[in-house]
Amino acid sequence: MADVSAAAVKALREKTGAGMMECKKALEEAQGNEEKAITILRERNKHIAGKKESRVAAEGLVEAYIHTGGRIGVLVEVNCETDFVARSEDFKEFVRDIALQICALNAEYVSAEEIPAEVLEKEREIARAQVAADPKTANKPAHIIENIIESRLGKFRAETCLLEQPFVKDQSITIGELLKQLIAKTGENIRIRRFVRFKLGEGIEKKSDDFASEVAAMMAKQ
């Protein structure tokens with residue numbers, strides 16, 4: 001077993017948010033290799049989160065975030081099991097970060113499971129048409145073409161699904177992994193339930209004024 005220094009444990013804790021003992025055990029298992037230790041912690045977090053998924057989470061917070069200048073606003077609801085965790089700084093910080101994430105990257109769904117079948121099918125058709133129109137891919141074998149299409153659908157999910165997006169404050173982890181870290185740390189089931197994002201003027205067809213023509217028309221009337 002590797003001899004792990006306190007400095008290495010502290011550094012891993014700062015990177016992952018895991019407890020000191022968990023970081024120490026992960027580093028020992030990884031023979032002192034930090035990257036391997038991070039992978040070990042992520043796998044453990046997945047296992048812990050999976051075991052807690054069936055537990056009822058009805059407490060939590062609704063967070064509002066308004067971007068500077070009031071042009072973008074976000075409301076998000078994140079649930080946990082107890083009011084004790086909902087009032088903790090770790091939970092509050094997580095909810096604030098999620099609101100900021102939604103504001104910055106404009107997710108449309110919490111998870112891939114929420115994407116309507118017709119939306120996925122439309123994206124599949126678009127990807128297939130792009131592949132067929134590209135001379136570099138059009139004549140590829142069928143199974144290669146399908147792999148390319150699935151890869152593009154994966155990119156679509158990563159861009160539109162909150163849990164699959166890279167965390168804006170740390171691109172090395174996804175929001176889903178950040179969530180699993182918090183579940184492991186608090187010992188409770190936590191889930192991002194729903195959100196809405198408003199952008200000023202979104203969906204309104206704005207009138208495009210031709211100032212030069214307007215002035216010419218006014219002069220003609222004189």
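**Whole chain.** Keep in mind that this is a predicted model. Trace the protein chain along its sequence and the order reads α-α-α-β-β-α-α-α-α-β-β-α-β-α. As for contacts between residues at least 6 apart in sequence, 58% join residues at least 24 apart.

**Helix pair.** Now select residues 6-16, which are helix α1, and residues 20-29, which are helix α2. Their axes come within 9 Å and cross at roughly 115°, so α1 counts as roughly perpendicular to α2. The crossing of these two helices, α1 and α2, is right-handed. Show side chains to see who touches whom: α1 brings Ala8, Val9, Leu12, Arg13 and Thr16 to the contact, and α2 answers with Met20, Cys23, Lys24 and Leu27. What classes of residue make up the contact of α1 with α2? There are six nonpolar, one polar and two charged residues.

Move on to residues 59-66 (strand β1) and residues 72-80 (strand β2). These two strands, β1 and β2, pair in the antiparallel sense over eight bridges. To see one of the pairings, pick Glu59 and look across to its bridge partner in β2, Cys80. Then go to the turn: the hairpin of β1 and β2 has five residues between the strands, and Gly69 takes a positive phi near 95°.

How values were computed
Residues are numbered from 1 along each chain as its sequence is written. This is a predicted model: local features need pLDDT of at least 70, side-chain atom pairs count only at pLDDT 80 or more; totals for chains, interfaces and linings use all residues. Side-chain values use heavy atoms; hydrogens and water are left out. Two strands pair if DSSP finds at least two bridges between them. Helices (H or I, at least four residues) and strands (E, at least two) are DSSP runs, numbered from the N terminus. Axes are lines fitted to C-alpha atoms, for helices over the stretch in contact, and angles run from 0 to 180 degrees between N-to-C directions. Angles under 35 degrees count as roughly parallel, over 145 as roughly antiparallel, 65 to 115 as roughly perpendicular and the rest as oblique. A crossing is left-handed if the near helix is turned anticlockwise from the far one by less than a right angle, and right-handed if clockwise. Contact means heavy atoms within 4.5 Å. Ala, Val, Leu, Ile, Met, Phe, Trp, Tyr, Cys and Pro count as nonpolar, Asp, Glu, Lys and Arg as charged, and the others, Gly among them, as polar.
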